[in-house]
Amino acid sequence: MIELALHLVVLIKVVPDGKEVFVDPVTFTLNRSMATNIINPADENALEAALQIKDQTDAKVTVMTMAPPFAEPFLMECMSRGADEAVLISDRAVAGSDTYPTSLTVAAAIKKMGDVDIVFAGEKTSDSSTGHVGPGVAEFIGAELASYSRKVTYENGYVTAERELENGIEEVRIPTPAVVTILTDSNDPRRATLRKKIDAMKRGIITWSLADINIPADWVGLRSSPTVVKKMLPFPRKDRKGEKIEKEKIPELIDNLVKSGVIRVEAE
Amino acid sequence: MAEMKKAEPPKDVSQYKGIMVYLDSFEGKLTRAAHEMIGVGRKMADKVKEPCIGVVIGDKVDSMADDAGKYGCDEVYGFESHDLSMYRSRPFTDILSSMVFEKKPNILIVPGTKNGRDLAARTAVRVQSGLTADCMEIDVEPETDILIARRPDYGDSTMSEIRCEKHRPQMATSRPGTFDLPPYDEKRSFKKEIRKVELKKDQLREEILSFKPKGGEDITVSKVLVSGGLGMGNADGLKLIEQLASIMGGSYGVTRPVADLGWAPRDHQVGQTGKIVRPDLYIAAGISGKPQHIVGMMDSKTVIAVNKDPDAEITRYSDYVINGDLYEILPVFIEELKKRKKMKDKN
Ligand SMILES: Cc1cc2nc3c(=O)[nH]c(=O)nc-3n(C[C@H](O)[C@H](O)[C@H](O)COP(=O)(O)OP(=O)(O)OC[C@H]3O[C@@H](n4cnc5c(N)ncnc54)[C@H](O)[C@@H]3O)c2cc1C
Ligand SMILES: Cc1cc2nc3c(=O)[nH]c(=O)nc-3n(C[C@H](O)[C@H](O)[C@H](O)COP(=O)(O)OP(=O)(O)OC[C@H]3O[C@@H](n4cnc5c(N)ncnc54)[C@H](O)[C@@H]3O)c2cc1C
């Protein structure tokens, strides 16, 4: 039997570098104009997880993002690290989409490709951080899902992944087509190479509009998003009295804390 | 599997009534996060005078259903099968979605554990509704039956209020630790219905090969936490933090940059992208008190700040403030506590 090359798709989102983000107080959307952008950290790990499978098996890796054209250099960066192909879904109509239309649009592009075996997403982004898009895509394309994973391997039509949960590590096995969401810091992303960068420049980026993936414009965007950001509120400040304690008074403070049961001093 | 379609709002939202709470469990027990959500659901149910409906899925659910009723659910639906002893994304989504279609709740809240977030995100797509993640506040407006969900932002000092006005159910998750536990009432009456489920092969394609419980401490259950920030200056500073924590039988926490630098494991990070803790005592040493850290610890009972800078933001969120170098202050705490231990030993 001839094994066809695996098709792996990595979803990436370009996010503002944490320290410089703020939410526009008028439109309630992220104001990116002041911030430098980066590839969402977990997505770098997702790309690396896909490339590690490609190191072992005959596979094609496609990176994809739904974003304005400013994302192009980041797609090029992914190809310079080893992705074979880059797809930009770009359409004015998607602006303001919440996670439902975002998942729908990404899923439609995956369906258009037709032959996708494994989709890699980040566990969550560093900006709005919902973690909805990976599971949402799995639901739309009808794939099995292993969320919050690290150490993903592929063999004979099955993906094995270690899901890191609050109380332990669960090892699961799911058949393809599969979606895995990858934990931040779960591997060491490789660097770009000059040769791959030159290759990437030759290949270029594939751009699709909504029409290319058969999504009507009125299915997406702010107006077709179930959730709406209504207002911004000040951070809930629970101010406390902030009583100043001199170093010499620490023994007294400890006595009070022991007396009120906040600290328990057990005998050794 | 969801239809590839836009999210269609129902024609008549007034048909949707009640607050549904998904009850996340582990090894046959409801999680703490599930109990927190029962408390949130109960409060909203009282406000709008609609039932609080619990849904629990597992291999043996009877005692969990009782637990949910005694903590505040009016109706509890349990789904039982040997194949459901551990969370599996597809069958759990199938069951929760079918309950949404059957009961038509106005609101559905889900504990924001990892499995809970997985389930909520899939279910929102399946039932074509909106989901707000990581809410710090969840409430309902009685006049309109609209869910008010508030989540922290990325930048400094703001929270967004998110609403899902047209679609139902209005969904939200919250990080574990965000809310207090509701009161337990042994005598509370509630309706319980356990249903046995037969799953089809195509619902069970996910196979769980193994589960290894995580060693190490869970900082969300510690009564005392001593946390260190960048003010430690180096990775070795953590030793002092740990020493003070262990003398009080507690554990240690850190800020995000400390975890980023690899000075401490990510499991110990407190804050918006770490854990939410509410210990009896929280000592913040060398921590400036940025909002993303504060959201993770602001419900601690007593907070002590140790900082070189007398005007650091953390002072506003602290009961007691000790101005000085943590390398001079923390050893005083350690010595004093040691003295008291020795005295106890003698007695
Ligand atoms: C203040 C504010 C709060 C918000 N809160 C919510 C909310 O609670 N609920 C909600 O539904 N929406 C919310 N949104 C909208 C949300 O930011 C967008 O839908 C966003 O496009 C995707 O959400 P995320 O960044 O949380 O992605 P996540 O779900 O956290 O992303 C997980 C992974 O999915 C992939 N991915 C995500 N976005 C893309 C993309 N554009 N292209 C390709 N792959 C992608 C990446 O691999 C990523 O790592 C909010 C927006 C703002 C401004
Ligand atoms: C999207 C997003 C999510 C985030 N999530 C989190 C999160 O989950 N948790 C988190 O903690 N942060 C988070 N952050 C980062 C957060 O904004 C702050 O940058 C971080 O909390 C600051 O850490 P720090 O207090 O350790 O360091 P700094 O802000 O550098 O503060 C160091 C403090 O130590 C004091 N100090 C210095 N030397 C000494 C000494 N010898 N003795 C005593 N005091 C001394 C200084 O006066 C200062 O107050 C997030 C940021 C973003 C953008």
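View 1. Of the 34 residues around ligand 1, the ones that come nearest are Lys13(A), Asp43(A), Thr99(A), Ser128(A) and Thr130(A); a residue counts as being around the ligand if one of its heavy atoms lies within 4 Å of it. Ligand 1 itself sits between chains A and B. A quick note before going on: this is a predicted model, where local features need pLDDT of at least 70 and side-chain atom pairs count only at pLDDT 80 or more, while totals for chains, interfaces and linings use all residues. Residues are numbered from 1 along each chain as its sequence is written, chains are lettered from A and ligands numbered from 1 in the order in which they are written, and side-chain values use heavy atoms, with hydrogens and water left out.

**View 2. Polar contacts to ligand 1.** Here we look at pairs of N or O atoms within 3.5 Å. Thr130(A) puts a polar side-chain atom 2.7 Å from an oxygen atom of ligand 1. Gly131(A) uses its backbone instead, with an N or O atom 2.8 Å from an oxygen atom of the ligand. From chain B, a polar side-chain atom of Arg151(B) lies 2.8 Å from a nitrogen atom of ligand 1. On its own the ligand exposes 950 Å², and the protein buries 94% of that (Shrake-Rupley areas, 1.4 Å probe).

**View 3. What the shell is made of.** The shell around ligand 1 has 12 nonpolar, 15 polar and 7 charged residues. In this count Ala, Val, Leu, Ile, Met, Phe, Trp, Tyr, Cys and Pro are nonpolar, Asp, Glu, Lys and Arg are charged, and the others, Gly among them, are polar. Elements that each supply at least two shell residues include helix H3 (99-113) of chain A and strand E7 (131-132) of chain B; helices are DSSP runs of at least four residues (H or I) and strands of at least two (E), numbered from the N terminus.

View 4. Four strands line up as E14(A)-E10(B)-E9(B)-E8(B) in an open, antiparallel sheet, where pairing takes at least two DSSP bridges between two strands.

**View 5. Strand E9(B) and its partners.** E9 (residues 146-152) of chain B has 6 of its 7 residues buried, so it is largely enclosed by the rest of the structure (buried is under 20% relative accessible area, 1.4 Å probe, protein chains only). E8(B) joins it through 5 bridges, with Val140(B) opposite Leu147(B).

How values were computed:
Buried means under 20% relative accessible area, exposed over 50%, partly exposed in between (1.4 Å probe, protein chains only). A polar contact is a pair of N or O atoms within 3.5 Å; within protein, one must be able to donate a hydrogen and the other to accept it, and residues adjacent in sequence count only if both atoms are side-chain atoms.
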